[in-house]
Amino acid sequence: MKTYPLTENDFSLIDEAKMVITTFYEDDRHHVGAALRTRSGNVVSAVHIEAYIGRVSVCAEAIAIGKAISNGERYFDTIVAVRHPYSNEKNRELRVVSPCGMCRELIADYSPDCFILLEMDGVLQKTNIGELIPLKYSRDS
């Protein structure tokens, strides 16, 4: 997987995702926060919305993308998700997590050049969404 150097902007994006989930964390309701930097430099953050029927849950990345689009942003630079541990977990560390498959599809649909921040083997990495979803189905495929 091709990776890119992390920048100060990347670390501030992680801090924003941590801040939003720390602020709005609620056990069994919101346990993932995401932050998205648009190409214009604006930052949009959101929390995951848990539902008792799993199919109805909405990922933080999807909500951040929806907020950005609703605010007139069309092009995204970088996105990150951070997981807050549940109240019964011993490890209380907030961790950067990889986007799920549906979020990977959504990110690639709306911004095929978007960078993703994720953690692999305990190391923060920056890669392009295309690295996480090779051979993606699209109108052109």
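User: In which sense do strand 1 and strand 3 pair, and over how many bridges?

Analyst: Strand 1 and strand 3 (residues 76-83) pair in the antiparallel sense over seven bridges. One of the contacts joins Ala-34 to its bridge partner Ala-81 in strand 3. The model is predicted: local features need pLDDT of at least 70, side-chain atom pairs count only at pLDDT 80 or more, and totals for chains, interfaces and linings use all residues. Residues are numbered from 1 along each chain as its sequence is written, and side-chain values use heavy atoms, with hydrogens and water left out.

User: What joins strand 1 to strand 2?

Analyst: Five bridges join strand 1 to strand 2 (residues 43-47), and the two strands run antiparallel. Five bridges also meet the pairing criterion. Arg-37 has Val-43 as its bridge partner in strand 2. Four residues lie between the strands of this hairpin, where Gly-41 takes a positive phi near 100°. Strands here are DSSP runs of E with at least two residues, and helices are runs of H or I with at least four, numbered from the N terminus.

User: What makes strand 1 mostly covered?

Analyst: Seven of the seven residues of strand 1 are buried; the term means under 20% relative accessible area, whereas exposed means over 50% and partly exposed in between (1.4 Å probe, protein chains only). Val-32, Ala-34, Leu-36 and Thr-38 point one way from the strand, while Gly-33, Ala-35 and Arg-37 point the other way, and all are buried. In a regular strand, side chains alternate between the two faces of the sheet.

User: How do you know that the side chains of Lys-126 and Asp-10 meet in a salt bridge?

Analyst: The N to O distance between the side chains of Lys-126 and Asp-10 is 3.1 Å. A salt bridge is a side-chain nitrogen of Lys or Arg within 4 Å of a carboxyl oxygen of Asp or Glu, so this pair qualifies. Lys-126 lies in strand 6 (residues 123-128) and Asp-10 in helix 1, so the pair ties together parts that are 116 residues apart in sequence. Lys-126 counts as buried at 8% relative accessibility, and Asp-10 counts as buried at 2%. A search of the whole structure finds seven salt bridges.

User: Where in the chain do Glu-119 and Arg-95 lie?

Analyst: The side chains of Glu-119 and Arg-95 meet in a salt bridge with an N to O distance of 3.6 Å. This pair links distant parts of the chain, with Glu-119 in strand 5 (residues 115-120) and Arg-95 in strand 4 (residues 95-97), 24 residues apart. Glu-119 has a relative accessible area of 26% and is therefore partly exposed. Arg-95, at 37%, is likewise partly exposed.

User: Which residues are linked in a network of salt bridges?

Analyst: The network links Glu-105, Asp-109 and Lys-136. Within it, the closest N and O atoms of Lys-136 and Glu-105 are 2.7 Å apart. Lys-136 is in the segment after helix 4 and Glu-105 in helix 3 (residues 101-110), 31 residues apart. Glu-105 is partly exposed, with a relative accessible area of 33%.
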